[in-house]
Protein chains: 4
Amino acid sequence: MEDVVIRTLEKVQLRDPILIEGLPGVGNVGKLAADYLRDQLKAKPLATIYSKFFPPQVYVGEDGIIRLVSNDLHYWKAPSPTARDILVLGGDYQGISPEGQYEITQRVLDYCHALGVREVFTLAGFAQGRVVEEPRVLGAATNAAQVEAMKKFGVVFSRNDPGGGLIGASGLFLGLGRLFEMEGVCLMGETSGYFVDPRSAEAVLKVLAKVLRIEIDFTALETKAHEVDRIAQKIHEAEGRTSDATAPSGPTPREDLGYIG
Amino acid sequence: MEDVVIRTLEKVQLRDPILIEGLPGVGNVGKLAADYLRDQLKAKPLATIYSKFFPPQVYVGEDGIIRLVSNDLHYWKAPSPTARDILVLGGDYQGISPEGQYEITQRVLDYCHALGVREVFTLAGFAQGRVVEEPRVLGAATNAAQVEAMKKFGVVFSRNDPGGGLIGASGLFLGLGRLFEMEGVCLMGETSGYFVDPRSAEAVLKVLAKVLRIEIDFTALETKAHEVDRIAQKIHEAEGRTSDATAPSGPTPREDLGYIG
Amino acid sequence: MEDVVIRTLEKVQLRDPILIEGLPGVGNVGKLAADYLRDQLKAKPLATIYSKFFPPQVYVGEDGIIRLVSNDLHYWKAPSPTARDILVLGGDYQGISPEGQYEITQRVLDYCHALGVREVFTLAGFAQGRVVEEPRVLGAATNAAQVEAMKKFGVVFSRNDPGGGLIGASGLFLGLGRLFEMEGVCLMGETSGYFVDPRSAEAVLKVLAKVLRIEIDFTALETKAHEVDRIAQKIHEAEGRTSDATAPSGPTPREDLGYIG
Amino acid sequence: MEDVVIRTLEKVQLRDPILIEGLPGVGNVGKLAADYLRDQLKAKPLATIYSKFFPPQVYVGEDGIIRLVSNDLHYWKAPSPTARDILVLGGDYQGISPEGQYEITQRVLDYCHALGVREVFTLAGFAQGRVVEEPRVLGAATNAAQVEAMKKFGVVFSRNDPGGGLIGASGLFLGLGRLFEMEGVCLMGETSGYFVDPRSAEAVLKVLAKVLRIEIDFTALETKAHEVDRIAQKIHEAEGRTSDATAPSGPTPREDLGYIG
């Protein structure tokens, strides 16, 4: 079979579209943000992406109906005739091998380039290894003009973070994108790295909404953040009791929450 | 070499054939069921499938003659002129890498599509992690009509099982099958997951026989199930004695039988 | 690059040639036997086989000159006009991935088929997990006639050995060879599996020499076998003293010699 | 995408150019040497090499601008009309799989062959497993004439080192280079293998400068070597204090410095 199979669900004409990428990763920040954006915009399905570089897996819905794992493109047509349209890329997995990452990213970029995409925003989490109460949004970009533009939206460009660079789709969509003459920005929400982090996703989306000049209702995302907080709090208390019982060493640091997937 | 090599042994015309897939997996339920069906139907060899995504291995028969590991298609022509023919896919291995799984499944589906296959049943085990006395048959399907149809045959569609989806050939034949306009059902026999389970295979085949309106004599499969029971019982007793000797903690749970391959 | 690159060093016409394969493996029996046969026959270089499925490695000779790892074909033209010519395949490595094994084997078979090869003998070791004083030669073949023929040369066809089949080049050259209409035999010298075993290689070659009706001087191979015996004996004594010193538990079993590569 | 993508940045005509390869590896000796040579020669960018066999990673500069991981070719035009031009190959990574190593090396050799390259020098470290105060430069070459020529420059050709051959780019550029009718030499600076070693890189470059008849100012490289010495010394003292505190067993051997990347 082809390494990557892209099934177009609807033929559309888009106006200077911007690609927003958010796939599973650190704290699931990118995926949470992209999925939420797609839902809030009521973006419509455009294409489904299958690949032998995804796991050989199907999901079974509550109705008993199976669905092959995939990535998916949705589109949103801006209501104003002078505004730009938006493409959102989400999905179940990133490619499960380095070669797979390159192949899938290259094919999706090629497909989006044909749709007119010349600018990409990738959304991701940045693991700090400690609880982050007020997540900042860190940035990286393909050119100096976009670095300056992003700073005005409060994006932090830090000398040291991310030190080792970006690994995975969020970096690759920008790095390979340059081979397609695309410019782009990666927005990284700070997160502990230990659990899914809707609050970090919200911080990222707030920046993105300002950049894209769209309005987003964050109520549902905040509700999700409170739920995660409640679960984290319960684990925290349970661990506190356990450690009290075995050794009176004070409360367990909140960082030790474990991954709540 | 080609990634997948399919050698046709006999050219046949089939009438609206149904593909039944059963390869090695959890409790070997799918393979036991497909092999038993093939033997009971006296299905004839149609094609042999070799692939570089199988292990580089040959088996040596009792006569000293080698055979390269493969998957195999057998066909059965229904005696009634109004009934549908059957293809059975079995074999030594599933593809040993994710890419291999995709490649082999895609090639076999392509081959079967050319033979007229538009419907697929995949047979598998579902690991419960505990001994299952009366295995239920769980289901997943490609459309709502088949879910409803299967329910009438006693297949259970559970909201939570399988939670993580299906991994491997049984899921992929359905998931990729949809790209070939094929519809299909996965029948999963509950099993402990610790040993080969002819009883679970029998439960799956009983449903399938009703769906396909064929008659199957289950005597040999039941004999096999009793053998496994006897071996399991002996291990159970041996473990009971051992644990009695070292600590008077009562009988070892039957779940701890280990894998009897 | 091509997956497998075969460089022909000399164009030759061969008379009904037989391919003898012996690559590194259990006890290095196959490689020892094939290399010794090549040297004794003074077979000439025919082709060098490079592949990206070998390690990315060069060897450095005592003269400081490098050589890329490879497999190699040598040919021997039988002096009698009615006898058959011989091709010997040896080398540094088998393919280091399952796909690589298939690719390399398929390409070499294809190349040898074009040279007229229709019969293959593969040489290997069979690990018994214990010291074997008088190694038998076990066999496997592609057809019943060859099983019977080999029995007359003292080759043992055992119901249970090898139980799990043959993994690697020695099996694959026969299994894939059948897709090229080649028949063949695998000759497996019993060996402990713990160290290189020239004595097992000699047992294999003695059978092969009778089959091919060629004469081989085994002096050098027997010298090598005695060397390995001497080293093994020293290790044995050293271990005996060590275990005497720490615990008077008698001599270390000779099986524990470790791998002398 | 193509397995390896080479983007030419400038079209140049080179005079009998020599390729110098130095990629990350043992002690980073090869990369340190090649990068230093490139900087000292003020070599100009010629081509960028991307590949799906590199990690799916981008680096972020201090200015916040991303760069996809790559290998890079720089060129230097010799000022004298009778001298040979130089190509320097450096980069972030070697290919991360054996196949990837072969693919990338083959493509780069093919590209360089088209530019007229017929001679290759590869630079590497040779791990001795102990601190080396005065690193020798070991050699390996593709022919006897070059072995003799290198000996005159003080390069050591040892019977036993490197015993297991060379693994990775430095060996492969010579081994595969021979398939492109290229001759070459590998220069290996002795190093502990435990930390980056500018002193070993300097030893290698000093030989190379004599061979290429170019002048190199080693001040900056020596400064770097002193820095590494200072860090090593501090770690040494810290470890000394620690081991004094726990057990009065004398100074920690300098070899235990750990990897200072």
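**View 1. Val58(B) faces Leu166(C) across the chain boundary.** Welcome to a predicted model, in which local features need pLDDT of at least 70, side-chain atom pairs count only at pLDDT 80 or more, and totals for chains, interfaces and linings use all residues. Leu166(C) lies in S10(C), and 2 bridges join this strand, antiparallel, to strand S4 (residues 57–60) of chain B. Strands here are DSSP runs (E, at least two residues) and helices likewise (H or I, at least four), numbered from the N terminus; two strands pair if DSSP finds at least two bridges between them. Residues are numbered from 1 along each chain as its sequence is written.

**View 2. Lys52(B) and Glu103(C) form a salt bridge.** Their side chains meet at 2.6 Å, N to O. The count between the two chains is 1 salt bridge (a side-chain nitrogen of Lys or Arg within 4 Å of a carboxyl oxygen of Asp or Glu). On the chain C side, several elements each supply at least two residues that touch chain B, among them helix H2 (98–114) and helix H3 (144–152). H2(C) gives the most, with 6 residues.

**View 3. Chain C and chain B bury about 2,100 Å² between them.** This is the accessible area (1.4 Å probe) that the two lose on being put together, summed over both, and 64% of it is on carbon and sulfur atoms. In chain C, Glu99(C), Tyr102(C) and Leu179(C) lose the most area to chain B, together 29% of what that side buries. The contact (heavy atoms within 4.5 Å) takes 27 residues from chain C and 21 residues from chain B.

Notes
Chains are lettered from A and ligands numbered from 1 in the order in which they are written. Side-chain values use heavy atoms; hydrogens and water are left out.
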